[in-house]
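Here are my notes on the structure you asked me to look over. Keep the model open beside you and take the points one at a time.

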Amino acid sequence: MALDSLDFDATVALATKVAPHVDILEIGTPCIKHNGIKLLETLRAKFPKNKILVDLKTMDAGFYEAEPFYKAGADICTVLGTADLGTIKGVIDVANKYGKKAQVDLINVADKKTRTQEVAKLGAHIIGVHTGLDQQAAGQTPFNDLAMVAGLDLGVDISVAGGVKAATTQQVKDAGATIIVAGAAIYGAADPAAAAAEISAIAHGGSSAGGAKKFLPWIIGAIILVVLFTVLTGKKAEETSEEVAPAAETSAPVEAPADAAPVEAAPAEAAPTEEAPAAAQ
């Protein structure tokens, strides 16, 4: 959830409504510039179960600028992909120092493919595919960039921001996003908590081709086990029948003496048999 208001109290109030329904609270760039590290400290104290992303968009002095925010409780800080590689490495290094994560924002990066590969080699934890507000106003979307980054398969998390709403969340998820950022779709809704819950439900659940593929090996394995169990139990039942049959045939008829009075033959008792286990359904 992106918190973009400049109002300190309004930001805390909105975070209180949506925190139970989201994983990450993002303090947007205008919000952190206006309110400073005090807002981060307040949110960290009030919402210990949520991760907090501080959208610094660092452009220089990466280690020096990001360190105070990691120390104050940020789980993720952002650095611009247009920054010098040394700056980006500084944010990655300080994130590692505190056991946190660094996100490289690709907004306005000309060669997004090359820069993504470069920062992944540096150890970037998250690549941010970001269509800014001004770009959204011009009709741009993050989908082409998302497809490109996901296609590189670099083993990093991919965050997507830029006009995401409930209607497009599944599309973003299926395209390869591991972090889905929503802002206006939540804070602009009549019921922000309900809007956040709806988007989170889609992000965490829902049916997708990618999700089904993850469970396909387990489904196949389960089917094989059921088939094997059915075959083995059927075989055991056949062996039991074969063992019992000869026992029934061993009782030879006894001839009565010629002068003996005729007697009625007692009905033969069937040899006991084991009941075969039921086949697995």
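**Notes on charges and cores**

1. Let's start with Glu 26, which is buried yet has no salt bridge; the nearest side chain of opposite charge, Lys 57, is 6.0 Å away. Buried means under 20% relative accessible area, exposed means over 50%, and partly exposed lies in between, using a 1.4 Å probe and protein chains only. For charge, Lys and Arg count as positive and Asp and Glu as negative, while His and the chain ends are not counted. A salt bridge is a side-chain nitrogen of Lys or Arg within 4 Å of a carboxyl oxygen of Asp or Glu.

2. Before going on, please remember that this is a predicted model, in which local features need pLDDT of at least 70, side-chain atom pairs count only at pLDDT 80 or more, and totals for chains, interfaces and linings use all residues. Residues are numbered from 1 along each chain as its sequence is written, and side-chain values use heavy atoms, with hydrogens and water left out.

3. Where does Glu 26 lie? Look in strand β2, residues 24-27. Helices (H or I, at least four residues) and strands (E, at least two) are DSSP runs, numbered from the N terminus. Leaving out residues up to four places away in sequence, Glu 26 touches Met 1, Ala 2, Leu 3, Leu 53, Asp 55 and Val 181. Contact here means heavy atoms within 4.5 Å.

4. Now follow Lys 57. Its salt-bridge partner is Asp 55, with the closest N and O atoms 2.8 Å apart. Asp 55 counts as buried because its relative accessibility is 6%.

5. How many salt bridges does the structure hold? There are seven. One of them joins the side chains of Lys 89 and Asp 93 at 2.8 Å, N to O. Both residues lie in helix α5 (residues 85-97), four residues apart, about one turn of the helix. Lys 89 is partly exposed, because its relative accessible area is 38%, and Asp 93 is partly exposed at 30%.

6. Compare that with Asp 157 and Lys 101, whose side chains meet in a salt bridge at 3.7 Å, N to O. This pair links distant parts of the chain: Asp 157 is in strand β7 (residues 157-161) and Lys 101 in strand β5 (residues 101-105), 56 residues apart. Arg 44, Asp 75 and Lys 100, in turn, are linked in a network of salt bridges.

7. On to the nonpolar side chains. A nonpolar core is a set of buried Ala, Val, Leu, Ile, Met, Phe, Trp, Tyr and Cys residues joined through side-chain atoms within 4.5 Å. Which residues have the most contacts inside the largest core? They are Ile 27, Leu 43 and Val 54, in a core of 52 residues. Helix α5 gives the most to this core, with five residues. A second, separate core has eight residues, including Ile 24, Ile 76, Ala 161 and Val 181.

8. Finally, the overall picture. The secondary structure comes to 12 helices and eight strands, and 38% of the 281 residues count as buried. Among contacts between residues at least 6 apart in sequence, 66% join residues at least 24 apart.
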